[in-house]
Amino acid sequence: MSSKDESIFSKEAMMSTQAGKEIMKQALLRGKGFKQFNQYKERAESEFQSFEERFVMSLRNAMDSDTSPASTMNKFAEEVGSAELVPDSASLQDIRTRLSDAETLRQRVRSILNSNFVKMTFPVFDALYDGAAEYFGDDASQEKREAVIDGHIIAIDLSEPMDRIVDKDEDLEYLEDYKFMNPYILAIARQKISQGGDVVLKAFEDGFKDARIGQYIDVKLKMRPASINDENMNECYKKYRAVMGTAGRNMALNRRPLSDIFHLGMAKAGECVGCGNEIEDAIKNGSIKIPSWPLYFTLNTGDVRRGFDLTMAKSELYLEEAKIALEMLPEEFKLKPFLEFLFLTVRHYNQYWYNELVRRAPFADFQKKMEAAVM
């Protein structure tokens with residue numbers, strides 16, 4: 001399995017959840033889903049360093065060749081609707097000089113690649129692309145395959161520095177560098193994704209627009225956490241739904257039926273992981289994340305423990321919707337066992353962090369901090 005924290009897929013961790021026990025059973029019996037998943041996991045691990053180097057080189061070339069960084073920053077700020085995501089113009093040259101050092105830039109890239117969404121989806125995109133190519137009878141094109149997958153991983157990775165800048169809960173010493181990197185990361189993602197064709201690029205642009213809406217609502221709720229409700233939380237979750245769903249759609253090069261099926265499965269799986277990520281963040285940061293489903297449920301029940309219980313129930317609803325995609329797959333699609341196993345790993349991830357929360361039981365402390373932040 002792949003995750004930012006590999007310990008959650010240790011034998012001890014797997015034995016702590018129902019889903020983990022099922023994963024171990026499938027591994028022991030060498031089930032088809034396990035074998036398919038393991039094949040793509042091992043491939044992703046062997047290729048990840050090469051991907052990282054391609055990313056670093058593309059980023060360095062984009063920054064070095066830019067004759068007007070100030071214009072680039074302004075254009076990006078206008079597109080995403082937030083000047084907070086770019087650095088002050090007076091600091092541009094200092095940041096550019098710092099990031100011109102290859103090792104410094106590589107370290108920043110490595111930090112933002114250390115993400116659950118990146119590590120959990122890299123092997124998934126490989127599998128979806130291959131499954132779609134076989135289904136549609138595509139000619140093998142390693143260049144297009146690499147470009148489309150790289151582009152969407154990089155696009156997903158863009159959400160990491162943007163979230164860290166807004167949340168200010170991680171990599172505080174790197175945030176100004178991330179602000180400078182953001183426009184170039186987006187440009188690289190677009191350039192690579194465009195190699196899939198116009199319909200693929202259009203799907204990405206539509207998804208990126210929706211993701212920006214979700215990010216905007218996220219920022220507004222941070223400023224007014226008491227205004228949280230189920231509707232704006234659903235809109236906030238567009239940042240998961242749009243990014244992951246669009247990537248799934250484009251692994252089929254935006255061709256039905258697989259484009260719609262992959263979109264549904266990945267969008268809902270992304271939202272499911274989002275719930276688990278909110279529980280993990282609460283544990284690691286020592287407070288309920290603003291905004292989040294735990295915050296919404298806690299405010300409406302008056303009970304922190306109940307808030308997290310309902311978040312787990314919400315995650316299960318997302319996962320059940322993701323599983324509907326499995327029932328839509330054509331019979332001749334050969335990687336259905338891979339996706340079934342993938343959803344099992346998602347369930348384990350969420351169950352592990354929920355169990356860890358219950359074990360630590362920081363609910364009274366969470367209640368005090370929430371009241372101070374919201375009331």
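These are my notebook entries on a predicted model of a protein.

**Ground rules.** I number residues from 1 along each chain as its sequence is written, and my side-chain values use heavy atoms, with hydrogens and water left out. Since the model is predicted, I take local features at pLDDT of at least 70 and side-chain atom pairs at pLDDT 80 or more, while totals for chains, interfaces and linings use all residues.

**Overall fold.** I looked up the secondary structure and got 17 helices and zero strands; helices here are DSSP runs of H or I with at least four residues, strands are E runs of at least two, and both are numbered from the N terminus. The radius of gyration is 20 Å against 21 Å from the globule rule for 375 residues, so the protein is as compact as a globular protein of that length. That radius is taken over C-alpha atoms, and the rule is 2.2 Å times the number of residues to the power 0.38. Along the principal axes, I get a C-alpha trace spanning about 55 × 55 × 35 Å.

I count a contact when heavy atoms are within 4.5 Å. Of the contacts with a separation of 6 or more, 77% join residues 24 or more positions apart. Buried residues come to 56% of the 375; buried is under 20% relative accessible area, exposed is over 50%, and partly exposed is in between (1.4 Å probe, protein chains only).

**The core.** Next I checked the largest nonpolar core, which has 121 residues. Such a core is a set of buried Ala, Val, Leu, Ile, Met, Phe, Trp, Tyr and Cys residues joined through side-chain atoms within 4.5 Å. Leu59, Met181, Phe262, Phe308 and Leu339 have the most contacts inside this core. Helix H16 (residues 336–360) gives the most to it, with 12 residues. I then followed Leu59: leaving aside neighbours within four places in sequence, Leu59 touches Leu105, Val109, Met181, Tyr184, Ile185 and Ile188.

Gln215 sits in helix H10 (residues 198–223). Is Gln215 buried or exposed? I have Gln215 down as buried, because its relative accessibility is 10%. Beyond neighbours within four places in sequence, Gln215 is in contact with Met162, Asp163, Val166 and Lys239.

Asn229 is in the loop between H10 and helix H11 (230–236). Asn229 has a relative accessible area of 30%, so I list it as partly exposed.
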